[in-house]
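Hi everyone, thanks for coming. Let me put the structure up, and then we can walk through it together.

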Amino acid sequence: MTTTSLVYMLKSIKEIESSLINDLDKTKMEANKKIEQAMEEAKKIMDDTMQRIETERKEIQRRSEIEIRNKLIEIDATVQKILNEIEEKAKSNRDAAINFILKYIFGETNV
Amino acid sequence: MFKDMSESRIRKICSYIQEELNKQRHKIMLDAEEKAQKIISEAITNAKSLYLEKVNEIKGEFDKIKNKSIAEAEFNAKQKILKQKNDLICSIFNDVLNKLKQYMTTDAYVKFLEKSLIEVALSIRSGEVEILLCDSDTMTSESMIKSIEEKVNHKLNANISFRISQERIKATGGFIARYANGKISYDYTFETILDKIKEPLRPVVSKILFG
């Protein structure tokens, strides 16, 4: 092999190598882009999740407020019913209670 | 011929480099693909667990608020019922005080005087007791008191002298007995009696009223 042919060969190889390295860089860029896209997608997944959590939070709050409101209405109704019953009982037993205290004061009864 | 040989070698070398490079490119893409998949799959897993954790946390937080609100409402409800009962019991005692006015001119009041003066006598046994009547008392007389005195002394074998004071007290009914120049006094006014019996009688009155 002559020097000329060797030079020619090396030159050709160099050219091809340069072209291939260029291709390799493109591939690396493409790979990085893929990873970046994946990271963006991952970020979107997390953002969506945070959004879903916020939506769920509002829903849980709404349901909880309804439950509390209903329970308070129920308690109020029960209390009102009890108060009415107490009032009624007190009305019908009022005289008995007064007479009992009077008898106690005048020594006609003991506790 | 020589050139052909060279070209053939170059092609071979290039082909080899190309092949190696392709392998490398393929591997780079495969690694990137794998890494991308891993990133996404980790994000999905993290998102799922974050979602569950946060939702449970939120549920717990609102459960606490709910339980606290309900507990407060129940406590307030109980207080309201207790207050209502208490108000009704107080109103009964007020009614009793009004009713007691009507007893001022009855035999029951005389019995009350006698019973109360016996209690006083049991405490002191002998000496002079000054009786302060209330300003509305128009029935109790000196002679009535003297009659009670006689009964008490006889019953208790005591030596007590009851005397109605000129001083009158402001009360619905009853009296105040003073002994030892006013150093000891026994308050039998209706107001004080009611005040004293209010607490001990409350459970019984409550039972009678509310069943």
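In chain B, 18% of the 211 residues are buried, where buried means that 20 or more other C-beta atoms, placed from the backbone, lie within 10 Å of the residue's own. For chain A the share is 7% of 111 residues.

A quick word on conventions. What you see is a predicted model, where local features need pLDDT of at least 70, side-chain atom pairs count only at pLDDT 80 or more, and totals for chains, interfaces and linings use all residues. Residues are numbered from 1 along each chain as its sequence is written, while chains are lettered from A and ligands numbered from 1 in the order in which they are written.

Now, the overall form. Chain A has 1 helix and 0 strands, with helices being DSSP runs of H or I of at least four residues and strands runs of E of at least two, numbered from the N terminus. Its radius of gyration is 46 Å, well over the 13 Å from the globule rule for 111 residues, so chain A is more spread out than a compact globule. That radius is taken over C-alpha atoms, and the rule is 2.2 Å times the number of residues to the power 0.38. The C-alpha trace of chain A spans about 145 × 25 × 10 Å along its principal axes.

And chain B? The C-alpha trace of chain B spans about 165 × 30 × 30 Å along its principal axes. There are 4 helices and 4 strands here, in the order α-α-β-α-β-β-β-α from the N terminus.

Chain B also splits into domain 1 (1–103) and domain 2 (106–210), with bounds from an automatic or database domain assignment. Their centres, over C-alpha atoms, are 77 Å apart. The contact between them takes 10 residues from domain 1 of chain B and 14 from domain 2 of chain B; contact means C-beta atoms, placed from the backbone, within 7 Å.

Finally, confidence. Chain B has a mean pLDDT of 91, with 97% of its residues at 70 or more; pLDDT is the predictor's per-residue confidence, from 0 to 100. For the complex, the predictor gives an ipTM of 0.80 and a pTM of 0.76. Thanks, everyone!

How values were computed. Buried ≥ 20, exposed ≤ 12 C-beta atoms within 10 Å, placed from the backbone. Contact = placed C-beta atoms within 7 Å.
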